[in-house]
Amino acid sequence: MRRLLRAGAFAGSAAFVALAFAGPVGAQGQQQTLVIQGGTLIDGNGGDPVENAIVVIEGNQIVAAGPAAAITIPAGAETVDATGKYILPGLWDGQVSYSWFFGELFLHHGVTSLVDIGLGGEMSIAARDAVNEGHARGPREWIGIAHFGGFDPEELTGYETPYDGRQRPETFEALQTETRLLLDAGADMIMFHDGDWDPEWVKWACDEAHSRGKPCTQRAGGPRMGAREAALAGVDMLPHARGIGDAIVADGVDVNNELDKFANMDEAKARDIVDLVVREEVYLLPNIIHEAPGYPADWPQMQAAYEELFADPALLAYYPEGFRTRLERTRRDTATGAVRERRMPGYQNMLRFYKMVIDEGGKVLVAGDTNGAKVPGSIMHEEMAIFQEAGITPMQIIMASTKWPAEAMRVIDRIGTVEAGKIADIILVNADPLADIRNMRQIDTVIFDGKVIDHGIHASYSVPFAAYDNDQRYTINDGHWVTALKEVTGAPRAMENPPAPDVSPQPAIEAISPTMVERGSGETVLELTGFNFVAGSRVLIDGESVPWEWTDGSKLNVTLSENILAEAGRKEIVVVNPQPMDPSMWGHGTSNQAYLIVKY
């Protein structure tokens with residue numbers, strides 16, 4: 001059995017540690033007190049509900065939770081009347097590829113924590129800390145920063161930073177270096193995005209993560225590692241439950257679709273893999289909507305909720321049209337006819353399998369695989385309804401959406417349940433979720449970090465780091481274009497002074513250093529590396545021309561004033577050369593973009 005870390009051994013990032021012990025302060029330096037009074041407490045631990053409960057919050061910490069008869073309400077406390085309502089931990093979405101515009105929808109649906117397994121790179125560090133430190137409105141984030149594998153190597157341009165979301169170390173030593181680099185930078189987990197790895201490499205990386213109180217994830221879809229190999233290597237979480245379908249499909253059946261695999265499930269194999277994941281304490285994230293859109297019994301109701309949500313003009317004001325198109329296509333792309341008939345037994349076996357895991361003491365997490373093709377927050381309620389369709393009890397579903405993901409992320413000592421000592425991320429719902437888990441949609445109040453927040457939808461919603469799931473990883477844009485331009489123009493020549501030619505060349509940016517600075521920093525020098533920089537070059541940061549000093553044709557020292565660094569955000573940098581250009585077809589004098597992150 002996998003060794004469990006003691007609570008005292010859990011280590012978090014400095015930002016989270018500071019958050020866990022910080023809270024709003026009153027006039028005399030006392031933390032503000034908030035009391036939830038009169039509701040039915042379902043604390044996430046799986047025990048009996050507590051009627052007429054009281055929850056006392058000081059700052060962002062729960063200091064007491066239980067029956068009213070056992071708790072004294074502090075004098076002068078702000079109160080929230082929860083009479084007739086149900087008090088639960090804030091929900092977790094255990095698998096997200098995060099884009100900026102998801103945040104408000106997550107909170108709207110009661111999701112106060114998410115596990116971002118996307119492509120965030122440095123940007124994800126800044127975005128996580130902005131929310132977790134109270135500077136931006138959105139759910140609490142847990143990030144991997146980068147993942148190993150899971151992409152076409154031809155996507156790489158050669159201009160990636162060591163924190164780029166996509167990493168493919170070619171040697172064991174490189175894997176060790178990158179693993180430590182990510183953990184040192186504050187990664188909340190180590191992620192392998194495919195199963196094409198030496199199991200010993202994965203075991204080492206998981207052991208290193210565990211030594212720092214962090215989990216390890218893998219999409220164990222082969223060819224070298226499946227679910228069994230991942231479990232034995234110490235992997236804690238299987239996003240998409242990848243590898244399970246291959247582990248349970250009957251011998252001799254050659255199919256690629258997960259539902260087809262489950263339609264041909266070998267019962268003995270299924271029992272064997274259930275025993276393994278339970279024994280090795282592996283958390284499964286099945287993402288059932290991702291695998292089986294249109295199959296759930298509640299699909300018409302799910303569609304109605306989706307359509308009602310996107311009829312809100314406040315949401316349409318900021319939700320990108322291209323992402324809405326992706327959503328609509330995904331909702332329409334459901335199997336019909338003979339294909340649906342063939343795969344329906346697979347859907348039913350899939351539900352039966354995950355219920356079997358939970359019945360045997362294993363952990364299956366509610367997780368949306370939330371990306372541009374899913375509805376943030378709402379998909380969590382869809383997945384919960386599917387769990388209920390499988391026969392999983394509402395109490396187990398609540399734990400699979402609150403306590404268990406906090407366990408999986410190794411932070412259950414600080415968050416994930418409603419009890420003393422935990423961070424106060426709490427939701428109130430208007431109807432009993434134990435009678436019907438679909439009642440969880442009836443969100444009345446969201447308390448985040450100890451404060452009642454507005455969980456409505458607003459046309460003005462924005463965040464400081466407004467990047468999308470697939471573009472936030474870039475520090476240097478258009479790397480393939482840069483490579484092609486360099487081949488045409490030749491390598492930059494060393495020069496003592498900037499040239500001032502009659503016809504200027506097309507410039508390009510290859511790197512910036514540093515890539516991230518803190519808001520409020522004093523005047524800072526940014527080294528910008530590239531080629532074809534000339535005397536008439538201008539460096540623009542978010543459209544504002546800034547001073548630079550000549551180094552040679554491939555380097556500029558750019559001065560960042562205190563004003564530029566006064567506001568957090570992602571700053572766009574370009575170099576613009578004077579006209580006339582030679583050759584103009586390569587960009588008309590404006591370089592590719594580089595991005596500087598100014599974090600809180």
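Which residues of helix H18 (residues 479-489) are buried? They are Gly479, Val482 and Leu485, where buried stands for under 20% relative accessible area, exposed for over 50% and partly exposed for what lies in between, with a 1.4 Å probe and protein chains only. This is a predicted model, in which local features need pLDDT of at least 70 and side-chain atom pairs count only at pLDDT 80 or more, while totals for chains, interfaces and linings use all residues. Residues are numbered from 1 along each chain as its sequence is written, and side-chain values use heavy atoms, with hydrogens and water left out.

**Helix H18**

- The buried residues of H18 pack against strand S20 (508-513) and strand S22 (524-531), contact being heavy atoms within 4.5 Å; helices (H or I, at least four residues) and strands (E, at least two) are DSSP runs, numbered from the N terminus.
- Glu487 and Val488 are exposed residues on the face of H18 turned away from its buried side, and glycine 490, just after the helix, takes a positive phi of about 85°.

**Glutamate 258**

- Glutamate 258 lies in helix H8 (residues 258-263) and is buried, with a relative accessible area of 9%.
- Its side chain makes a polar contact with the side chain of lysine 261 at 3.1 Å, a polar contact being a pair of N or O atoms within 3.5 Å, where within protein one must be able to donate a hydrogen and the other to accept it, and where residues adjacent in sequence count only if both atoms are side-chain atoms.
- Leaving aside neighbours within four places in sequence, glutamate 258 is in contact with Arg242, Gly245, Glu291 and Met350.

**Asparagine 371**

- Asparagine 371 lies in the loop between strand S16 (363-364) and helix H15 (378-389), and this residue is buried, with a relative accessible area of 14%.
- The side chain of asparagine 371 reaches the backbone nitrogen of alanine 373 at 2.9 Å.
- Asparagine 371 and serine 99 are 272 residues apart in sequence, yet 7.6 Å apart in space, C-alpha to C-alpha.
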